[in-house]
Amino acid sequence: MPLIKRIILLGILIALAIIGLEGYIQVQHQVAEDGEDLLVVGLVAYLIILSGPVAHYSGLPVAVIELLMGVLASYYKVSESEALTLLAGIGANMVLFMAGAEIDVALLRRRLRRALGLGLIGMLGPSAVGVALAYENGVNAIILSIAALSATSAALTYGILHSNGLTKSRTGQMVLAAAMLTDIAGMIFLNIATSQANPLLLLYGVIIVIALLVQPILARVERVGFETEIRLVTMALIVLGAATEFLGIHSVLTSFILGIIVSETLRERRLLREKLEGMAFGFFSPFFFIASGLMIDPSLLASEWIPVIVVGLVLFLLKFLPSYLYLRRRGTPPRSAILYASSISPLLTVTLISAQVGVATGLIDERLYIIMVGSVLITSIMASILSLLVRGRLQRLEAHFF
């Protein structure tokens, strides 16, 4: 599609979003207090619908667009309602469950040493940045910042690799395994930072045992129908998540572990996996990303735009350059190495969740929250643009020579 047409369509879609937000402002004061929850959820649903076409025409990940839609809604003073908070919480757990389901345990075994090397070199620099940003806030804040800034997004890495047809290559599998490991490390650091010394934490082993029981049950209910299978997975997420929160551990870790536990079954049951992905990414996860954007004060973001851009670019370079050099040393061609390195560079899910948990628990202040979330935008946009540019040049080369 011609660039001018894309820009025009993007302008129309953004105008529709602004019209919807202006309409919300007009009717907000006319709605009873008990109906405001429904009004906010309806507005967010409208923004979710627009986010898909905006992502398509801009070439950016839809999660990034949803986050930006949340920031735009925050500018119009849209406040997060109880219903939206509930949907966003379910969305966060569904996203981490599907990220865990991306993990191929056999792949991790085969590529563990190389994946560990790639993941580690991509974590060292951002971890140092996390220490520098949070050293005045205490040990737990430092650990949480390391979790937020050193992790990547296995789901977004998979999406970039898949869009370039690189998921089945040996290097692609190694990169995806490295993304998985950094996500796991990020979740572990997050829960170390937020867990409290509570004797009830000993019961977390019981929750993991119960989660392990979901795998054989799910493997045996194939003939019962998809409704029962989906109910089993979603109810396990809700029940185990609630139990985990009661113990003082963030529920997303349990969701992540449950995703890993059932990953092999979901890999074999492709139709069930597609239905769960549709429910997770088509319905629940957009509420989480938009709710994350709503927590950003645009005026504060504007006042902190220099550190946001600087930290975001530094984090991207500290992830991208070591990964690129590591892959080049292993003989990966330059353009392919750029695609692989860019796919493992963006921050997203773990960073957003860590930032939300950190500001909710008082471990980090709003300024650090803004820098973390702003870094998600910078790194994700940089990775997406770089991937699009390189992919476009590769496609032109293929068309010219083949």
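## Aromatic pairs

In this predicted model, Phe284 is buried, with a relative accessible area of 15%, which places it under the 20% cut-off. Phe283 is partly exposed, at a relative accessible area of 42%. The ring centres of Phe283 and Phe284 lie 4.8 Å apart and their planes meet at 85°, so this pair is edge-to-face. Phe283 and Phe284 also belong to one aromatic cluster together with Phe287.

Another pair is formed by Phe320 and Tyr324, whose ring centres are 5.9 Å apart; their planes lie at 15°, so the pair is stacked. These two residues are separated by about one helical turn because they are four residues apart in helix 16. Both Phe320 and Tyr324 are buried. Across the whole structure, the search finds six aromatic pairs.

## The largest cavity

Two cavities of 30 Å³ or more are found in the whole structure. The largest cavity holds about 50 Å³ of space. Its lining consists of Leu118, Gly119, Gly122, Met123, Ser150, Thr152, Thr182, Lys319, Ser323 and Ile344. Helix 6 (112–134) and helix 16 (305–329) are the elements that give two or more residues to this lining, and helix 6 has the largest share, with four residues. By class, the lining of the largest cavity comprises three nonpolar, six polar and one charged residues.

## Ser150 at the cavity lining

Ser150, one of the residues lining the largest cavity, is found in helix 7 (residues 139–150). Ser150 is buried, with a relative accessible area of 0%. A polar atom of the Ser150 side chain lies 2.4 Å from the backbone oxygen of Ile146.

Leaving aside neighbours within four places in sequence, Ser150 is in contact with Gly122, Met123, Pro126, Ser127, Thr182 and Lys319. Among these contacts, Gly122, Met123, Thr182 and Lys319 also line the largest cavity.

## The second largest pocket

The second largest pocket has a volume of about 780 Å³. Its lining contains 34 residues, and those nearest its centre are Gly89, Asn93, Glu245, His250 and Ser251. By class, the lining of this pocket has 20 nonpolar, twelve polar and two charged residues.

At least two lining residues come from each of helix 4 (82–101), helix 9 (170–194), helix 11 (226–246), helix 12 (251–261), helix 14 (270–294) and helix 18 (349–361). Helix 4 gives the most to the lining of the second largest pocket, with eight residues.

How values were computed. Residues numbered from 1 in each chain as written. Predicted model: local features only at pLDDT ≥ 70, side-chain atom pairs only at ≥ 80, totals over all residues. Heavy atoms only, no water. 1 Å grid on protein atoms, 1.4 Å probe; cavity = no way out; pocket = protein on both sides within 12 Å on 5 of 7 lines; lining within 4 Å. Points joined across faces, edges and corners; volume = space filled by probe spheres on them. Nonpolar A, V, L, I, M, F, W, Y, C, P; charged D, E, K, R; others polar. Buried < 20%, exposed > 50% of the residue type's maximum accessible area, 1.4 Å probe, protein only. Polar contact = N/O pair within 3.5 Å; in protein donor to acceptor, adjacent residues only side chain to side chain. Contact = heavy atoms within 4.5 Å. Phe/Tyr/Trp six-rings, centres within 6.5 Å; stacked < 30°, edge-to-face > 60°.
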